[in-house]
Amino acid sequence: MTRLIVVRLLFGALTLWAVSLVVFAATQALPGDAAQLILGRDATPERLEALRDQLNLHEPVAVQYMQWLQGILQGDLGNSFSNGLPVAEYLRSSVQSSLALMGLAALVATPVSLFIGAFSALRRDRSFDHASSMGTLVVASIPEFVVGILLILALGPGGLGLFPSVYAREGGPEQWILPVLTLALAVAPPIVRMMRATMIEVLESEYVQQARLKGVSERTVLWRHAAPNAIGPVAQVIALQLAWLAGGVVAIEFLFNFPGVGKDLMDAIENRDVPLIQAVVLLIAGIYILVNLIADVIGLAANPKVRVANR
Amino acid sequence: MSGPSKNTTPKASVRRRPGLFRTAWRFGRTKVGVALTALIVLIAVLGPFVAPYTPTEFVAKPYETGVDGALFGGDNLGRDVLTRFMWGGWTLLLLAGSAAAVGVAAGTVVGIIAGYRRGWVDDVLMRTNDVLLAFPQLIAALLVMSIIGPKVWLIVAVIAVSHMPRVARVIREATRKVIEQDYVKAAEAIGLPRWRIMTVEILPNVTSPLLVELGLRLTYSIGVVAVLGFLGMGLQPPTADWGLMINENRQGMAVQPWAVALPVTAIAVLTVGANLITDGLSRAAIGIDRGVEK
Amino acid sequence: MTENEHTENTDTGSAATGGAARSGEAVLVVDGLTVIGRPSDVEIISGVSITVKRGEILGLVGESGSGKTTLGLSLLAHCKRATEITGGQVRVGGQDLAGLDEKGVRRLRGRAVAYIPQSPASALNPALRLGVQLREALHDDSLSEQDVLGRVREVLREVALPDDDAFLRRYPHQLSGGQQQRVAIAMAFVGRPEVIVLDEPTTGLDVTTQAHVLETIRAMTRDYGTAGVYISHDMAVVADLADEIAVMYQGEVVERGRAAEVLSDPRHAYTRKLLLAVPLLRTSGHEEAEPEEEPLLRVSGLTAGYGRTKVLEGIDVSVSRGECVALLGESGSGKTTLSRSVAGLHHQFTGEVLFDGDRLATSSYRRTAAQRRRVQYVFQNPYEALNPRKRVREQILGPYRHLVGRPEDPDAVVAESLERAALPASYADRFPEQLSGGERQRVCIARAVATDPALLVCDEITSALDVSVQAEIVKLLHGLQEQGMALLFVTHNIALVSNIADRVAILNKGEIVEYGPVGQVMSAPEHEYTRALIADTPDFELSFPGAQERLGLAEEERAVEG
């Protein structure tokens, strides 16, 4: 199993490297004058020259990439165009806010979804199951920013007026409620559905039937026989949903004007702040790959066939 | 089970099982889904012909409501909200539709080839897929849009490319299940060319997951096209587009909710409708695929 | 003629009957048990009544869909999803399980009545160690932890498994199929139940392993004085094992009685049909066929494998025109790899495969069209061998067009091949899903014979079918052979081989251990593996009027006459 995990880790690193290549190619190795393309037609010659310098555009592409990659590996992500601050410093507080937002959403969504999913499985084909199935289907269909706007329309200043719709620096904790709720609603449906499906599959398996035929109590059947076999697939879906959060947070932060990496990315795009764009995209892809990797490892570890195979 | 006489089968077993669409239609939710989708498609397609004004005509003051002749008032610049709503749907449908179609088609080709040929072909295709999958869909789109600029063909291409590996993964799995079946080996034993095996023996037997995937990708495409518009990275002003409308009018949501509520509701109804159809199809497909085996 | 060969089996039968006569108290009494399906309200089993005495085994025989598994589960008052017991009683030692509440039933399960599943691979929990699963089967609160462990070790020894801690710490996937089944047996007996339900516990096991498992079951039921219900589709196993036989057909018990009586004097037409369909293990009376000088197919020095693992080594086999050669082997013997190598579906082999004097390439794609046309393959599972999206007509015409060319009269081609497979021409418009298993296999045969091959490779083509259908397919193959077709018949069923093959090659672990005319191999086996195989195969003899129609007997008769 250790070997399998090492292989996955190596592959994760390889993917990250490929991503860096793509990011670099998309932002810098463009045909023509990248600086002109990035800054647009009406850029001043001074800014163009400054950009060419910062991006090492005078060097051959391969050298540019090596220097860029070297910088990243040493933690030097370059300086932001808009205010000249080092990118790492620029991003520090927004990374913290974004992680807090994602963490809160996960904290709210996961237990509730697991409970609803398991309960639906036990109440299969009864009214609760139908309602939760319909509910998750509807919520899962609607794009998350639309869910957010619907929440604002209903609960925000134009509707019931319970919560503010826009984040402000001086605002209180209640302004976190709508963004967290929106993200939680976005990640919950797949977890609910996976939990339900896995529980049903496990409960209908022959080994659970055999446990019941042995006369084992229903509680033992659930906790000893069913639950350990359901953990693997469900944990993987939870991890995948958390990975999704890394990308999904962008539109939500934009909508609520929440000061996180997503909003930084949108601002950077607005200002054509290339080092910032590169950093945020790499960061998000990095988190995405890392969490996917964790999901893989959990999947492996939860399977006794893999766990004790190499003894 | 078979009765005592072997050469005459009882009448009951002769009838064919109903197809995917007919099975799906039996679920109430599929009917609701079709109705919801049809409603929005109708608005989007017929809207431009029946809209009271042109989409760039100024009829009111910015965010003004209760104007005569403008049922839902004016938008951020004073254009008629109803007119822009009726004009703003078809671009979304067209972009999402073509992105889903291209993405699913490409994913199917890649998935079938990777699943059937195995070996290094499979490795190369699937590793490329993994790299593409390392980008969250939206981030990939934003990266490309922000550098090259929002162009219509680029929106379609980026979304299609982001769908491709996801579809390929599903179709590859389905293909693997099909090629374990002996009818594929029977075709190989008589030396049927590989491309014929892929088109004649495999493709018709992965149509169920394919249709489900098409529905799913269509729903996602609608979401991504809309969110790109909303982030200002999709179609550009002064085009009337639902996503863009939300972006333009969200500052005035408290005073003039209609300019946001109309497109938001339309997108919600459309995606829910499309997903209901997909859900019906996938429920039907599970039943049908189960029937194929013993 | 047949008396001498079957003395051994008859002996075991009478011993079992004798042992049963000593006990006599009925432990399991089922009366008018009815199970229906929801929401259709169709009766899955209707009004079934059976009794089993202490220390005896009731053999419950039926083909697929007869409701035998549903009945087996309802003996533990367990119903699968969307089924329900609506009437009747299941009395175990005087208590009616069907009338008890959930808690009462749970207390009796494992203690009064236990269950041994068909496939232990899926019935043992993959995430739990064996020790945990065995211990919890003995849910008796009055026992101390030490007593429970002692009892588990005792029962493990009884089923001939290790009883040390290392074994108890293992997971199910670390055991072989036979070991898993022994664990399942131990799990059932650990609570000393009065009744034990066995649902096809030896399906999927090799003949030798099956013989050992059956022996264990027999000894355990006798030693514990347990009443056993043995559910099976295999008449030979049941005839060998059971004291009493009940035959199920479409949810009803159509016949029940002492095993010896049912075998010698079946009352119901279905029982008779079922009995006649089981091929007899013929060990004498074979005709000697003269092999041709130049065989149609000659395999010499063939070695094959997957990657670095070798599956076959040094194989020499030949098939003459109009001859049936059987490849007999258990799972993992490499018999399918060999047949696939001949068909050009398995490429990793070395050695020579000559067909009609010409060398066959490893891959079908590098063989000539004529070679591909003249060697045809019929697959094991007819449910997977037909493209579900094509009509029968297209299934047959597709290969024909590719190998022979565009036919002048396609309808005639289809009708003729269907006729050779004993199907009416009207079947051409059907899709596979509109056919039964036996009909599908006939379509596969029709597809193969449409191109007029010289050699038909048949890979376990009857093993996925019910026994009554199997007999008809075998008859069909006989007919084809008489028309001059050479057959390479791959199977694990030695009784079948003894009836249809001219020559037989016995494969064990990738090598041919015995090869020769079937009469010689069956009557005077030289290799000990062959001898064990013949000894371990359960068999029975029929004496009722009309029993001559049974597959094997008619042949023997004819051989003697001719």
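## Basis

The model is predicted: local features need pLDDT of at least 70, side-chain atom pairs count only at pLDDT 80 or more, and totals for chains, interfaces and linings use all residues. Residues are numbered from 1 along each chain as its sequence is written, while chains are lettered from A and ligands numbered from 1 in the order in which they are written.

## Chain A

Chain A has 13 helices and zero strands, where helices (H or I, at least four residues) and strands (E, at least two) are DSSP runs, numbered from the N terminus. Its C-alpha trace spans about 80 × 60 × 30 Å along the principal axes.

Of the 311 residues in chain A, 42% are buried. A residue is buried if 20 or more other C-beta atoms, placed from the backbone, lie within 10 Å of its own. Two residues are in contact if their C-beta atoms, placed from the backbone, lie within 7 Å. Among contacts in chain A between residues at least 6 apart in sequence, 69% join residues at least 24 apart.

## Contact between chains A and B

Chain B contributes 33 residues to the contact and chain A contributes 36 residues. On the side of chain B that touches chain A, the elements giving two or more residues are α5 (119–133), α6 (137–148), α10 (207–230) and α12 (258–292) of chain B. The most comes from α12(B), with ten residues.

By type, the residues on this side of chain B are 25 nonpolar, six polar and two charged. Here Ala, Val, Leu, Ile, Met, Phe, Trp, Tyr, Cys and Pro count as nonpolar, Asp, Glu, Lys and Arg as charged, and the others, Gly among them, as polar.

## Annotated spans of chain B

An unreviewed UniProt entry lists "transmembrane region" for residues 32–51, 92–114, 134–162, 218–235 and 255–277 of chain B. UniProt positions follow the numbering used here, feature names are shortened, and annotations may be inferred rather than shown by experiment.

Residues 92–114 of chain B are 100% helix and 0% strand, with end C-alpha atoms 32 Å apart. Residues 255–277 of chain B are 87% helix and 0% strand, and their end C-alpha atoms lie 36 Å apart.

## Chain C

Chain C is divided into domain 1 (3–112 + 195–277), domain 2 (120–192) and domain 3 (297–382 + 454–561), with bounds from an automatic or database domain assignment. The C-alpha centres of domain 2 and domain 3 of chain C are 40 Å apart.

The unreviewed UniProt annotation "domain: ABC transporter" covers residues 28–275 and 297–534 of chain C. Residues 28–275 of chain C are 38% helix and 27% strand, with end C-alpha atoms 26 Å apart. Residues 297–534 of chain C are 37% helix and 26% strand, with end C-alpha atoms 28 Å apart.

Note on methods:
A residue is buried if 20 or more other C-beta atoms lie within 10 Å of its own, exposed if 12 or fewer, and partly exposed in between; C-beta atoms are placed from the backbone.
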